[in-house]
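Subject: A structure for you to look at

Hello,

I am passing a structure on to you, as you have not worked with it before. Please open it first and then read on.

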Amino acid sequence: MVEVNFHSIDGTDRQYLFVVIATKYNDQWVWVKHRERDTWEIPGGHVEKGEFVDDAAKRELVEETGASKFTIIPICDYSVKIDNKEGFSRLYLAVVNEFGPLPESEIGCKAFFTNIPENLTHPLIQPKLFKKVIEATQTK
């Protein structure tokens, strides 16, 4: 069973595993495909050892989408619990004004959607993260 829980960003010292960046461009959402998968995912990735979580989010956004001009804000922390093992990550919203070329990386392509696409890499997690970002943008 997969359990996703949301937490406020409250200064708690957490060891973050991942950053996930819901990305908007011209009123569309940016989703990416890994070179070795045929499924869509929200841009994001691992936080490197010694890296600040916000720096990881900016790095991953550029590496996975080619974003060159953007604003990025943290939405919340979240945890995923699978088989009594829990890990913490941070969810962001980025609004991109300009893209450069897609860097050479594990990402094979990006595409633009008005909503969540079908055929997700993490179908038990990504819809919940996407919904949380939508809710956060509607209340601001």
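Below are my notes, going from the whole chain down to single residues.

Please keep in mind that this is a predicted model.

**The whole chain**

The protein chain is built from two helices and eight strands. If you follow the sequence, the order is β-β-β-β-β-α-β-β-β-α.

Buried residues account for 42% of the 140 residues. As for contacts between residues at least 6 apart in sequence, 72% of them link residues at least 24 apart.

**Surface and charge**

The protein chain exposes about 8100 Å², and 50% of that area comes from carbon and sulfur atoms. There are 17 positive and 22 negative side chains, with the centres of the two sets 3 Å apart.

**The nonpolar cores**

Which residues touch the most other members of the largest nonpolar core? They are Leu91 and Leu129, in a core of 20 residues. Two or more residues each come from strand S2 (16–25), strand S3 (28–34), strand S6 (67–82), strand S7 (85–99) and helix H2 (126–139). Another core, of 15 residues, lies apart from this one, and its members include Val47, Val53, Leu61 and Val96.

Setting aside residues up to four places away in sequence, Leu91 touches Val20, Pro74, Ile75, Cys76, Tyr78, Leu129, Lys132 and Val133. Leu129, then, is both a contact of Leu91 and its partner at the head of the core's contact count.

**A look at Ala111**

Ala111 sits in strand S8, which covers residues 107–113. Is Ala111 buried or exposed? Its relative accessibility is 18%, so Ala111 counts as buried, the cut-off for buried being under 20%.

What does Ala111 contact, beyond its neighbours within four places in sequence? The partners are Trp29, Val30, Trp31 and Trp40.

Enjoy exploring, and write back with any questions.

Best wishes

How values were computed: Residues numbered from 1 in each chain as written. Predicted model: local features only at pLDDT ≥ 70, side-chain atom pairs only at ≥ 80, totals over all residues. Heavy atoms only, no water. Helix = DSSP H or I, 4+ residues; strand = E, 2+ residues; numbered from the N terminus. Buried < 20%, exposed > 50% of the residue type's maximum accessible area, 1.4 Å probe, protein only. Contact = heavy atoms within 4.5 Å. Areas by Shrake-Rupley, 256 points an atom, 1.4 Å probe, with all protein chains shown as cover. Lys, Arg positive; Asp, Glu negative; His and termini not counted. Charge placed at Lys NZ, Arg CZ, Asp CG, Glu CD. Core = buried A, V, L, I, M, F, W, Y, C linked by side-chain atoms within 4.5 Å.
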